[in-house]
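Please keep the sequence and the structure in view while reading.

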Amino acid sequence: MKRVDSVQFLMHRTGMKKPDTSVGMLAQALGDLPLAMEQAAACIERTRIDFTGYLKRFETHWAELLGEVKTSGDYPDSVEMTWEISFRQLQEETPAAASLLHLLAFLGPDAIPRHLLKTGAAVLPDGLALLVLDDY
């Protein structure tokens, strides 16, 4: 996307009314990639963090990501980083939900019947067991 469109998208998607310089810097850091911007905007909207705060997290985690050995080039780094930031936020807010994501990722991409998770709840850690047994 063009930068002006990226900034407009981020502003609209997050519901922020006043642009600041960090929104353009965030769009640049995300490579103006629609998927990365959507993921970042969803996190910003949900956590009510501002663009400056998200950009600081992005830059901090970016340095960590660059220090790790990369095993795949399936996604652009900016998309991978937005997922990482969202996952870390989930871990902070709801550790059991993060554990559930780990479990589901381990099981694979196919549909996983809920009854399978419920049947195995007895061998899962307490927080995760409660989560898979919840009918909500």
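## Leucine 55 and its contacts

Leucine 55 is in contact with Ser22, Met25, Leu26 and Ala29, leaving aside its neighbours within four places in sequence. Contact here means heavy atoms within 4.5 Å. Leucine 55 sits in helix α4. Its relative accessibility is 6%, so leucine 55 counts as buried. The classes are as follows: buried is under 20% relative accessible area, exposed is over 50%, and partly exposed is in between (1.4 Å probe, protein chains only). Leucine 55 and alanine 27 are 28 residues apart in sequence, and their C-alpha atoms are 9.4 Å apart in space.

## Basis of the model

This is a predicted model, in which local features need pLDDT of at least 70 and side-chain atom pairs count only at pLDDT 80 or more, while totals for chains, interfaces and linings use all residues. Residues are numbered from 1 along each chain as its sequence is written, and side-chain values use heavy atoms, with hydrogens and water left out.

## Overall build

How many helices and strands does the protein have? The secondary structure comes to eight helices and zero strands. From the N terminus on, the order is α-α-α-α-α-α-α-α. Helices (H or I, at least four residues) and strands (E, at least two) are DSSP runs, numbered from the N terminus.

The protein has 136 residues, and 31% of them count as buried. Among contacts with a separation of 6 or more, 55% join residues 24 or more positions apart. The protein exposes about 8800 Å², and carbon and sulfur atoms supply 59% of that area. Accessible areas come from the Shrake-Rupley method with a 1.4 Å probe; for residues, only the protein chains shown count as cover.

## Two nonpolar cores

A nonpolar core is a set of buried Ala, Val, Leu, Ile, Met, Phe, Trp, Tyr and Cys residues joined through side-chain atoms within 4.5 Å. The largest one holds 21 residues. Leu10, Leu26, Leu30, Phe51 and Tyr54 touch the most other members. Helices α1, α2, α3, α4 and α5 each supply at least two residues of this core. The most come from α3, with six residues. Apart from this core lies another, of seven residues, among them Leu117, Leu124, Leu128 and Val132.

Take tyrosine 54 from the largest core. Tyrosine 54 is in contact with Leu26, Ala40, Cys43, Ile44, Ile49, Thr82 and Ile85, leaving aside its neighbours within four places in sequence.

Serine 6 lies in helix α1 (residues 3–14). Is serine 6 buried or exposed? Serine 6 counts as buried because its relative accessibility is 0%. It touches Met1, Ala27, Asp32 and Met37, not counting residues up to four places away in sequence.

Histidine 12 is also placed in helix α1. With a relative accessible area of 70%, histidine 12 is exposed. The C-alpha atoms of histidine 12 and alanine 41 are separated by 9.2 Å, and these residues are 29 residues apart along the chain.

## Two loop residues with positive phi

Most residues other than glycine have a negative phi. Aspartate 32 has a phi near 55°, a positive value in a residue other than glycine. Aspartate 32 lies in the loop between α2 (21–29) and α3 (34–47). Its relative accessible area is 10%, so aspartate 32 is buried. Aspartate 32 touches Met1, Arg3, Ser6, Ala27 and Met37, not counting residues up to four places away in sequence. Aspartate 32 and methionine 1 are 31 residues apart along the chain, and their C-alpha atoms are separated by 5.4 Å.

Arginine 48 has a positive phi of about 60° although it is not a glycine. Arginine 48 lies in the loop between α3 and α4 (51–67). Arginine 48 counts as exposed because its relative accessibility is 71%.

## The second largest pocket

Which residues line the second largest pocket? They are Trp83, Glu84, Phe87, Leu101, His102 and Ala105. The elements giving two or more residues to this lining are α5 (77–93) and α6 (95–107). On a 1 Å grid over the protein atoms alone, a pocket is an open set of points where a 1.4 Å probe fits, with protein on both sides within 12 Å along at least five of seven lines; lining residues have an atom within 4 Å of a point.
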